[in-house]
Amino acid sequence: MRRMRMASASFRGKMKGHKELEELIAAESNMKQAWKEYIKCAEKVSECQRSFAETVVASQPRKRLQNLSQISDIATTRCKQLSSAMKDKREFYRILLSKERVVDTFNKDRAKQDKQLLQMQSKLSNRGSHRNNSDLQQAIQSIKNEIDVTKIQMQAIRDEINSVIDNQLQLVYSEFLREQRMIFNTMAVANSLMELYLRTDDETHVLQAQVALTQGDTSEEGQQLRRRASMSLSSSTQDQPPQYSLTPNPV
């Protein structure tokens, strides 16, 4: 499906003269769709994990699986917020492309007007000065006036395109990068806290992971949790024995 979408975009771009923009929009759509698929798969994993937990007899492993599923659900919900920023980024390029299409229309109109003007001027030249050419001269002036209007309209849409690029690009990408940073940072904090929970079975870390995911990393509490989780995980890692390896150490 992705290859078909890219190939289609490439074909349309070659036919209409906006290949790079068409392919960029298609790539943005692919990224948004892939992100939605990731969220869908993560939700399914969490659902299956909860079902499996019910079959586990030992209470402590069962509780761990249930807590992991709970945090996974919250994290997945948090990830959905990035989809909106992805959509805004794609829509920015679609708006840009639509304005480029308007420029294409003006270019076609201008080409027709230039052709008409050339034909009328040639006709006027062939007539000679002995005939009454006022009607033809008026038609030529009318075409010239239309060309002037088209030039003004083309410049206006070009200025609008430049304005969109100068102003909206920064806003759209800033929002996307901010949302992306917040999601990945909060997920990193939550993951660190859940690592601590798995090592200690202290469910306080589960509650802290919930706070980190729901409040984001901009709140003061979220920032404190991030620093605390990093320090605690570092200390816990130092206290742990080396991980068991199936590959024997060389003698």
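**A walk through an all-helix model**

In helix α5, the residues H205, V206, Q208, A209, Q210, A212 and L213 are buried, where buried means under 20% relative accessible area, exposed over 50% and partly exposed in between, with a 1.4 Å probe and protein chains only. This is a predicted model, in which local features need pLDDT of at least 70 and side-chain atom pairs count only at pLDDT 80 or more, while totals for chains, interfaces and linings use all residues. Residues are numbered from 1 along each chain as its sequence is written, and side-chain values use heavy atoms, with hydrogens and water left out.

The protein chain holds 6 helices and 0 strands, helices being DSSP runs of H or I with at least four residues and strands runs of E with at least two, numbered from the N terminus. Of the 251 residues in the chain, 33% are buried.

The whole structure contains 3 aromatic pairs, a pair being rings of Phe, Tyr or Trp (its six-membered ring) with centres within 6.5 Å, stacked if the planes are under 30 degrees apart, edge-to-face if over 60 and tilted otherwise. One of them joins W35 and F184 edge-to-face, at 6.5 Å centre to centre and 65° between the planes. This pair links distant parts of the chain, since W35 lies in helix α2 (residues 19-53) and F184 in helix α4 (residues 134-200), 149 residues apart. W35 is buried at a relative accessible area of 13%, whereas F184 is partly exposed at 41%. Ring pairs also bring Y38 into a cluster with W35 and F184.
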